[in-house]
Each structure stands twice: as structure tokens, then as C-alpha cells.
Amino acid sequence: RINMFLAHLRVVMSDAYQRSGGLFFTLKVPNFLPKFLRAFLQRNICNPFFSYTQITIQELMEECDIYPESELAAVLLGQYGDAGSSPEKVSAMMHLGVMAHYVNG
């Protein structure tokens, strides 16, 4: 269970993610681009990160057999408040990004 969740965290912490300052740019900034082009860029340039924007952290944890009422979930969701919303509303990308930020202290 935890290993599956940590594998998702490793993706977000990977060198590819760290180098992709373009991730934010591709997801948010180019509002001047046509919508179909933005969608194409989001799905193709930001893969595999795009998939994490489409599910909540709670859905990701349940996919890993970690349920919200467990102690493990309480530990892993300790920083959900940094996103300003509850786990059933926060995107997995947002939460994993916050976790990646705090992982090294």
C-alpha cells in the first residue's frame, strides 16, 4: 500500500518534474493559445503529471488501498491544509507537490 503511494510521490519528485518549470507554464500560463492547443500541450508535454491533476488525493490514496480513516492516511495527508481544501477536493498533483516540497525538510 505505502509502496504504491510512494511510487506516485517519486514520479512527482523525479528529475523530469524538477526540470519541468514548463509544467506550470503549460498548465496555467498560455491562456492566449487556443483551447484545443492548450489541451494538447497539457496532455502531451506534461505527461505523466497531467493525470495527477485529474484526480483528487483521496482518490489516489484509495487507488493505493489507503483509506481516509486510517492512521497511514492521517500521516500522508498531514499537509493537505496547505492547499486550502479537503482531501476529496485537492488534486493529487497539488498534494504530491506539497509533499515533495517538505520531504527533505
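Helices here are DSSP runs of H or I with at least four residues, numbered from the N terminus; the views below show a predicted model.

**View 1. Arg10 in helix H1 of the predicted model.** The side of helix H1 shown here carries Arg10. With a relative accessibility of 52%, Arg10 counts as exposed because the threshold for that class is over 50%. Arg10 and Ala100 are separated by 90 residues in sequence, yet their C-alpha atoms are 8.4 Å apart in space.

**View 2. The largest nonpolar core.** This core comprises 19 residues, and the members that touch the most others are Phe5, Tyr52, Ile57, Leu60, Met61, Ile66 and Leu96. Two or more residues each are contributed by helix H1 (2–13), helix H5 (49–53), helix H6 (57–63), helix H7 (71–76) and helix H8 (92–102). The largest share, 5 residues, is supplied by H8.

**View 3. Surroundings of the core residue Leu96.** When neighbours within four places in sequence are set aside, Leu96 is in contact with Phe5, His8, Leu9 and Val12, and also with Tyr52, Ile57 and Leu60. Among these partners, Phe5, Tyr52, Ile57 and Leu60 are, like Leu96, core members that touch the most others.

**View 4. Thr56 in the loop between H5 and H6.** Apart from residues up to four places away in sequence, Thr56 touches Pro87, Glu88, Lys89, Val90, Ser91 and Ala92.

Note on methods:
Residues are numbered from 1 along each chain as its sequence is written. This is a predicted model: local features need pLDDT of at least 70, side-chain atom pairs count only at pLDDT 80 or more; totals for chains, interfaces and linings use all residues. Side-chain values use heavy atoms; hydrogens and water are left out. A nonpolar core is a set of buried Ala, Val, Leu, Ile, Met, Phe, Trp, Tyr and Cys residues joined through side-chain atoms within 4.5 Å. Buried means under 20% relative accessible area, exposed over 50%, partly exposed in between (1.4 Å probe, protein chains only). Contact means heavy atoms within 4.5 Å.
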